[in-house]
Amino acid sequence: MPSNKSVSEAPITQMLNCRILRDHRLQREDLWVREGKILDPEKLFFDEQGYADEQVDCGGAVVAPGFIDVQINGGVRRPAVFRCWRSRASDGVCAPLPPAGGYGVDFSQPSDRVGDGVSLVARKLLEHGVTSFCPTLVTSPAHVYRKVLPQIKVQDGGPHGAGVLGVHLEGPFISAKKKGAHPERFLRTFSGAGAAADLMDAYGALDNVAVVTLAPELEGSRSAVGELRRRGVTVSLGHSVANLAQAEEAVCHGASFITHLFNAMLPFHHRDPGIVGLLTSERIPPGETVFYGMIADGIHTNPAALRIAHRAHPAGLVLVTDAIAAMGLPPGRHTLGQQDVEICGPHAYLAGTQTLSGSIAAMDACVRHFKRATGCSVEEALEAASLHPAQLLAISERKGTLDFGTHADFVLLDDELNVKATFISGREVWTKTAEEQQKPT
Ligand code: ZN
C-alpha cells in the first residue's frame, strides 16, 4: 500500500475508545488532533487521504473540553486533606492536621514573585482538569495592582501549567454593604472625573485584565461598564446591593456576568429580586446571555438554591471555585489579599468572623457536586465548567468545546467524573498515577 501522507507533515493523533462531549451530548467518536487543534476526520480522509500517526486508547473515558476557572484567588488543595477536614468538621472538631501538600499562593499579595505563584497554581490546576484560568485579585490598594498586574502575563498552557486568560479584578468598585471578605478601607467609588480616569487611578492598567467585578448601583458605574467593554473586558456584577432595574441597566450597557450568584448580594425578594432576577429577566438585550458564577462546593450555596438557579437558567451557569490561598493548607490562619482567613473544617472564614471567604474546593470536585446536587446530566455539568465560561469570555471559537479547529485542550474522566488525564494543545500534561488511582476521591 502506498503511504498517503497527509498534506501537513505534522503528526496526527487519534484518540480511540472514548465518549466525546460534542454538540451538547456525549458521542462515541474518536477525537483527532493535529498541531494542537481538533481535526475534522472527514476532511482528513477525503481531502488529504491522511491517517493517524499515533493512536491512544482512552479506555472508554469521557473526553470533555478542558475546564476554565474564571475566578480563582490562589492555591490548590490536595483532595486527601479535604476529606480529612470534612470528617473532622462533621465531628464538630477543628483540630490541626499535619501539613499535607499546602501551597498557600495568594495572587493578591504584592511580592516580586507573583509570577512564580501563578505558575505553581497553574501547574497544580492540571490535576483538576483545568486547562485555563483567570487569576483573581480581591480589593487591593492602588500600589498592589501596580505591583501585581504587570507580573501576571496572559499565556498559553502546556506541560508547565494551565493557560492564563487574563486577570479577574474583583473590586474595589463594590458595595461596602456587601463587601464580604474584601477590606473596606480599600473600597472605592467613581469620582465623576470620568470612568477611564477612575479605572486607571485604581488599577494602573487593564492590559492583562479579562474580567472586572463591580457593583452597578455605584454612581458612575454605567460609564465604567461601557469603558470596560470598549477595552474588551468582561464586566461582572457582584458584591452589590443593586435592585433588578439597576442590574438590568448594567446588562443593557454591556455587563454579562454575575459574580458568585447569591453570595454578597441582596437575597431574592419576590417584589424586587435584585441581581438574582437577571436569571429570568425579560429586559436582557436580544441575543445576549447573562452568565452567572456558582461556587458549587456544597458550602457557599445550598443545593436547593443551586437547583433553582440551574433550572431557571441552565445556559448561563458557570462553575467557579473562588479558591483561596488556604486551599491545600491545614486548618488555621492564612492570608487573602490584605486580610487573614481562618480555615475550620471545610469552611474558610474571614478571621474572627462568620463571613465566608472564598472556597477551598477544586474545579473537578465542583463539577461532581454540581451534578449530584442538581441531578443534571453529565453533559450539563461538564459544559458549566468549559463551554459556558468560554462563551462568557467570548473565546468559544477556540476553547471550551471540542469542535473542529478549536484548541485541543481536553480532559479524560471516568464515569464518576474523576480526572484521569489532562491534555493541552493535544499534549498530555498530567495523568493520574497508579498510586493516585488507589486513593479514594
Ligand atoms: Zn467575592
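## Helix packing and salt bridges

Helices H5 and H6 are roughly perpendicular to each other, because their axes cross at roughly 75°, inside the 65 to 115 degree range that counts as such. Please keep in mind, as you look around, that this is a predicted model. Salt bridges are the other topic here, and the count comes to 16.

**Where H5 and H6 meet**

- The axes of H5 and H6 come within 8 Å.
- On the H5 side, the residues in contact are Ala 195, Ala 196 and Leu 199.
- Their partners in H6 are Ser 223, Ala 224, Glu 227 and Leu 228.
- Sorted by class, this contact has five nonpolar residues, one polar residue and one charged residue.

- Is Glu 227 buried or exposed? Glu 227 is buried, because its relative accessible area is 15% and the cut-off for buried is under 20%.
- Arg 230, by contrast, is exposed, with a relative accessible area of 63%.
- Arg 231 joins in too: Glu 227, Arg 230 and Arg 231 are linked in a network of salt bridges.

- Arg 188 and Asp 201 meet through their side chains in a salt bridge, at 2.5 Å from N to O.
- This pair links distant parts of the chain, with the two residues 13 apart.
- Arg 188 lies in the loop between strand S11 (167-170) and helix H5 (195-203), while Asp 201 lies in helix H5.
- Arg 188 is partly exposed, at 24% relative accessibility.
- Asp 201 is partly exposed as well, with a relative accessible area of 44%.

**The pair Lys 179 and Glu 184**

- How far apart are the closest N and O atoms of Lys 179 and Glu 184? They are 3.8 Å apart, and the two residues form a salt bridge, because the cut-off is within 4 Å.
- Lys 179 has a relative accessible area of 26%, so this residue is partly exposed.
- Glu 184 also counts as partly exposed, at 45% relative accessibility.

Methods
Residues are numbered from 1 along each chain as its sequence is written. This is a predicted model: local features need pLDDT of at least 70, side-chain atom pairs count only at pLDDT 80 or more; totals for chains, interfaces and linings use all residues. Side-chain values use heavy atoms; hydrogens and water are left out. Buried means under 20% relative accessible area, exposed over 50%, partly exposed in between (1.4 Å probe, protein chains only). Helices (H or I, at least four residues) and strands (E, at least two) are DSSP runs, numbered from the N terminus. Axes are lines fitted to C-alpha atoms, for helices over the stretch in contact, and angles run from 0 to 180 degrees between N-to-C directions. Angles under 35 degrees count as roughly parallel, over 145 as roughly antiparallel, 65 to 115 as roughly perpendicular and the rest as oblique. Contact means heavy atoms within 4.5 Å. Ala, Val, Leu, Ile, Met, Phe, Trp, Tyr, Cys and Pro count as nonpolar, Asp, Glu, Lys and Arg as charged, and the others, Gly among them, as polar.
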